[in-house]
Amino acid sequence: MPSALDTNMRFKFSIFALLLQVAITVLFGIFVKYKTGRQSEGLHPLFQDVHVMIFVGFGFLMTFLKKYGFSSVGINMLIAAFGLQWGTLMQGFWHMEDGKICVDINSMINADFSTATALISFGAVLGKTSPVQMLILTILEITIFACNEHLVTGIFQATDVGASMTIHAFGAYFGLAVSLVLYRPGLKNKHENEESTYHSDLFAMIGALFLWIFWPSFNSAIASDSDRTKAIINTYYSLAASTVVTFALSSLVDRTGKFSMVLVQNATLAGGVAVGTCADLLNHPFAAMCIGAIAGIISVLGFHFLTPVLASKLNIHDTCGVHNLHGLPGVLGGIAGIVVTAIQRTSGKSALHTPGMQAAALGSTIGIALAGGALTGAILKLPFLGQASDKNCFDDSIYWEVPEEEKLHVGHSNNYDEQSRFEATM
Amino acid sequence: MPSALDTNMRFKFSIFALLLQVAITVLFGIFVKYKTGRQSEGLHPLFQDVHVMIFVGFGFLMTFLKKYGFSSVGINMLIAAFGLQWGTLMQGFWHMEDGKICVDINSMINADFSTATALISFGAVLGKTSPVQMLILTILEITIFACNEHLVTGIFQATDVGASMTIHAFGAYFGLAVSLVLYRPGLKNKHENEESTYHSDLFAMIGALFLWIFWPSFNSAIASDSDRTKAIINTYYSLAASTVVTFALSSLVDRTGKFSMVLVQNATLAGGVAVGTCADLLNHPFAAMCIGAIAGIISVLGFHFLTPVLASKLNIHDTCGVHNLHGLPGVLGGIAGIVVTAIQRTSGKSALHTPGMQAAALGSTIGIALAGGALTGAILKLPFLGQASDKNCFDDSIYWEVPEEEKLHVGHSNNYDEQSRFEATM
Amino acid sequence: MPSALDTNMRFKFSIFALLLQVAITVLFGIFVKYKTGRQSEGLHPLFQDVHVMIFVGFGFLMTFLKKYGFSSVGINMLIAAFGLQWGTLMQGFWHMEDGKICVDINSMINADFSTATALISFGAVLGKTSPVQMLILTILEITIFACNEHLVTGIFQATDVGASMTIHAFGAYFGLAVSLVLYRPGLKNKHENEESTYHSDLFAMIGALFLWIFWPSFNSAIASDSDRTKAIINTYYSLAASTVVTFALSSLVDRTGKFSMVLVQNATLAGGVAVGTCADLLNHPFAAMCIGAIAGIISVLGFHFLTPVLASKLNIHDTCGVHNLHGLPGVLGGIAGIVVTAIQRTSGKSALHTPGMQAAALGSTIGIALAGGALTGAILKLPFLGQASDKNCFDDSIYWEVPEEEKLHVGHSNNYDEQSRFEATM
């Protein structure tokens, strides 16, 4: 007899996913065609770099948990593969030509971008949600993201070339709001599965490094041709600075002066997030370095001091610490955008972007993310969506067939089978 | 005293491999020169993407076996490094200019492609063959592939831009024929080494994801400049559709509704295979999605229902399930090519490709692959080629120095050493 | 009470790293600006390929040690992120325009290149040095490298497009000299941590393959547009030849005919190193194959016969065998450059490069590397730099927080904690 926490997804997930794919295919049949005219073929290498970040970067970054690698890399793939189709439609509806959505390499980059919001939010709730919940979250988040993106770039005419605000801050605060609404008192104390192993940390470094390496492509992919090289250079040096600062602070905040893998996997990337908004605006590599260094500092401090407080005082449990990698650095990026546009305006340069509109963009992004996330969380609380019990959180074996050998190996006990039997008899 | 199953390759493999390298070097000295004139430099990023697929994609995809990771990624590298040289010659002999083979980036992409056929066949016989056998297979398969490719594209004037037929179906049916001829009754029951561990499945995901990510480059690398973007877009959406469908069906076919790593590693890629033949011909992204979805369905059903039947009834043991990833989706791709050329012909478009010739291409490819594979299998049966005994199949330690620690670790016993001693005294 | 071997880096490392980052940021503020005029955007894909090699390639190649993966991939990242900033300055000072260093994609490729020297030297001393020592080494080595590079390309007008001499031989001999000066008799016998596990060898293959795959980009990134394709083709075939030869010899030199992971991870790459100097000069793919084959031979023989002798007779302990991957093949590359320029001179072709100057470049590179390495080693011997005791070498837990589970798992004992306590009470 299925319980309120029935995690068997045989029909719920399968039929829901198939229906979604059928619906998307029909919508594509009605609305989507190839863009004609000048093709942006030079963007193809940039697209492939971003594609690596979405599927390998985000996917493996989250494999640090000792028993949640299948879900991290697998559900990441599912969200991204579904989300890029949904994102094509949601972003396309804002830019239709003769009632048609025209796809080209540029729209594929944007579709990949849209999935990043859902993947960031996935990091906040990693280990605590079911695949069905993640599909629903992806639908809602990408839809709301596309609206906010239109608000920010279409209405406010704000600049956000590397999407510090519209992707990183948005995804983080959306995910944190979901996490707050889905809060479980039973996970207040650290779960025994919520830790890494030596090899899971190395797998996570694969993700971290591919994100780090291709971030210059991420921040420059939708830049204008004339500013692309500048966006690449600024991201390169910003990341380098945040990496050196992260190592320095990682040792400094540790009682015994040792480095922390969590920080090296995450805070080193903060420079890429924070320089995103103004990567194509800065007029000095030195400024990019400063932004990167500050991003590294706030990210390390966030992991060390803020995350525990969020969890214990505000009931916001953030599995991957997305607030420190995407949230705070994303806000820093938004602020940097305000400052840079203000300086450029003062110096008489182009008034295309104004500090006021940049601030409005940052504010609306955070507000919409929090509201959208809270709404989404409320929907995900519906009891039949296959959420695991507290005890079975952060454990692949609830949703995946896990090799026998490994059960003995990692688990040091037969508890996978016992859990399964337990679930089955509930 | 060496037995019929002597696996010591010290002289057999070494001298054979060195002779091959000397022969190839001499042939290069006689026949190969750089192509002059317009260089196709824009192809370089596409080449590098394909190169990642061949060496990291195929290599790591096969690391799922718990004790066969060194061979999977190592022998994959050997086959590809040898095969790309041999492929340059075999493909080049069909396109000589003044008695010379002219190499450029385009020919390097084609050389990489030619190795994919041998790597796919390697997947069918993984764990059951020796490195010497694989070198012989590579020589024969690439030679036959080059002839069939000439027949398909040169004589039949068929289209197959992403090589659904000439690489994927060819490699799969060639490998299955080899596997049938090399059938060993002793492996009828599942071998104790023929399973994955938690971490071996994560290593395999590295391969699966890099294949998935760069498949748009694979299917568009030899497309005409004007159709390249369309091939990229179609592959992108086809893969996305097959991924969502794979997750849905993976849960549906499992008794407890759980996802299977085998399916996520393989069937998600079927969309890339199946859309290959007509990636540059389709005139609607929606059609690519349909092909991808159907490919996901037949791939999952193939793994779930057909592979066990092939093994038990037809004596075809397919270690990696290449029939479901490359065989069936490759045939689907060939059929899609027939349908699409028929539709385009009816609508009065270019009659460059005809459905009849597409059908001939598909038929000849499968026929030649089966015959060539059977012939190759017969040659590989020669007793002195270093094949492992049934008991030592799927075990790196026969052909590789394996770290001591791991022997204890994975094997849970000292049986590596015992096996070695056993071999040595045979 | 801190001892001479105090490894607590809480203040030493943190403050040193922060001061360095502040100093670099100030120097960037004074000296660095974006290059204006024609942007080299076509180089961006090549840059990203090189970037993957530096961070994933070098980083994961060194993860083969069973307990030193965090340091390998993490300190590699630190060195590279710091080094690329320092390299921008050191290389830029030789090419200032109006007192400014102008950065573009080309200078980023060169900055990445400059870090490779320190990463190669890191391989020679891997497991035996502290992060503070590595920062100092990076500063000194990149500074000296930039001077030698100026000497080779600016004064001698020598050619070295793929940097066989200026990066590979330089990094290797610099590192060997450091290793000699830092020689510890206590490590003469093989350390119990100085070995791989099954999975650590697979992680190392990730690094090896990404180096292998993108080496054509490395050797062609700074070639002239007209010679780039030739450099790509030559590197492709040279690597293929060295790979086949490596497998052949790996089996041949092993008593039982088995392949060795060390050789497959390293000697397969020797073809890329050795063809570097003349990748854009060779006029026949056959010549590239010969260079690759010879490189594979000397690399395998170096690992098998020379490395043990260097360690036992000359007190040069080379953890990763960089002498065999970068040193000997780099010298071979330099010699090939002498021969090729001599032949081209004889045949009346451009006398831009002369064999004499090529020889001077090779000699000065090795001499400066050895002297610079010895000097650097002497500085690194200062007792307060956080070097681990002999017993704690090749062990991440001295400098990293290592997951508990793994301590039990890999170490088979609680000795990590005991070691830490031991250190703390020294």
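**Ground rules.** I am looking at a predicted model, where local features need pLDDT of at least 70 and side-chain atom pairs count only at pLDDT 80 or more, while totals for chains, interfaces and linings use all residues. Residues are numbered from 1 along each chain as written, chains are lettered from A in the order written, and side-chain values use heavy atoms without hydrogens or water.

**Around B:Thr117.** I found B:Thr117 in helix H4 (residues 105–125) of chain B; a helix here is a DSSP run of H or I with at least four residues, numbered from the N terminus. Beyond neighbours within four places in sequence, B:Thr117 is in contact with residues including B:Glu141, B:Phe145 and B:Phe170 (contact means heavy atoms within 4.5 Å).

**Chain C against chain A.** Next I checked how these two chains meet. I noted 67 residues of chain C in contact with 59 residues of chain A. Together they bury about 5,600 Å², 73% of it on carbon and sulfur atoms (accessible area, 1.4 Å probe, lost by two parts on being put together, summed over both). C:Arg10, C:Tyr34 and C:Met77 supply 14% of the area that chain C buries here, more than any other three residues. I counted 0 salt bridges between the two chains (side-chain nitrogen of Lys or Arg within 4 Å of a carboxyl oxygen of Asp or Glu).

How values were computed:
Helices (H or I, at least four residues) and strands (E, at least two) are DSSP runs, numbered from the N terminus.
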